[in-house]
Amino acid sequence: NQEKKGDHGSIVYMPVQHLPDRAVWRGLGGMLAGAGSSRGTAQDAPRLLPPVLDWLDRLTNSRALDPDHPVRFRVVAAGYGPQSSTIAAVTEDAMNLHMAVLTDSDLKATVVSAIEATDKAVFAVRALAGNLASASGALTDGPRERAAEQAWHILDRPFRAWAARLTAETDVQQELTVWHRTAASLLRKLADELVESAGDKAWKGRHVASTAGKSSHLD
């Protein structure tokens, strides 16, 4: 829509929003999964890196900064009110990284992949909580959201610690496997707790109306 308002088909990029209720690391994927602003066209780069990351990339390539220089990555996020006409909330979060995580293509891809995999895993836990609630005859929205909040809380400190140790010398495949195993272990424990606390009603299941109007057993 913004490009239609411009002249001569000019390319318009809009900022990626970070939700204030999310930890800073959950928004890293949106900031790292882009091309440098000096490279390519809109067809080649549907998303651009923030200019500050381009600048840091030039500093490391010119050896002005060491790839393993420590960085305190900080985000200040504003939550907008109705029709984005007011600011309803402002939050701040930060995490420790090495410069290479923000500039090295392999490390950036590794972090983005880890975040995407984690998001899918939390969604699976959320779905499990909803299914358990449905099987016991309870409403599903509350249990799903509580399970997701628990999952993100459990993963928060471990992910920050994992990302903080990534350097230019990191074996990216090995470290990605380490994170997958760490996250899987933590979320399986949470899933076991959800099943254990579901109660007898969820174990027995119940009859529910299917979309075709027929009764089916949910367990």
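Modeller: Start with the packing: the buried residues of α7 pack against α5 (105-135) and α6. Helices here are DSSP runs (H or I, at least four residues), numbered from the N terminus. Buried means under 20% relative accessible area, with a 1.4 Å probe and protein chains only. The buried set of α7 consists of E175, L176, W179, A183, L187, L190, A191 and L194.

Some ground rules. This is a predicted model: local features need pLDDT of at least 70, side-chain atom pairs count only at pLDDT 80 or more, and totals for chains, interfaces and linings use all residues. Residues are numbered from 1 along each chain as its sequence is written, and side-chain values use heavy atoms, with hydrogens and water left out.

Now the length. Helix α7 has 25 residues, which at 1.5 Å a residue should span 36 Å. The expected span is 1.5 Å times one less than the number of residues. The end C-alpha atoms of α7 are 36 Å apart, which agrees.

At the start of α7, a side-chain oxygen of D171 comes within 3.3 Å of the backbone nitrogen of Q173. That is a polar contact: N or O atoms within 3.5 Å, one able to donate a hydrogen and the other to accept it within protein, with residues adjacent in sequence counted only if both atoms are side-chain atoms.

Next, the rings. The structure holds 5 aromatic pairs. Rings of Phe, Tyr and Trp (its six-membered ring) pair if their centres lie within 6.5 Å; planes under 30 degrees apart are stacked, over 60 edge-to-face, the rest tilted. F159 and W179 have ring centres 5.1 Å apart and planes at 85 degrees, so this pair is edge-to-face. F159 lies in α6 (residues 141-164) and W179 in α7 (residues 172-196), so the pair ties together parts 20 residues apart in sequence. W179 is buried at 1% relative accessibility. F159 is buried too, at 0%.

The pairing goes further. Ring pairs link W25, W152, F159, W162 and W179 into a cluster. One of these rings also meets a charge: the charged end of R26 sits over the ring of W152, 3.7 Å from its centre. The test is NZ of Lys or CZ of Arg within 6 Å of the ring centre and within 35 degrees of the ring normal.

Last, confidence. pLDDT is the predictor's confidence in each residue, from 0 to 100. The protein averages 84, and 84% of the residues score at least 70.

Technical notes:
Helices (H or I, at least four residues) and strands (E, at least two) are DSSP runs, numbered from the N terminus. Buried means under 20% relative accessible area, exposed over 50%, partly exposed in between (1.4 Å probe, protein chains only). Contact means heavy atoms within 4.5 Å.
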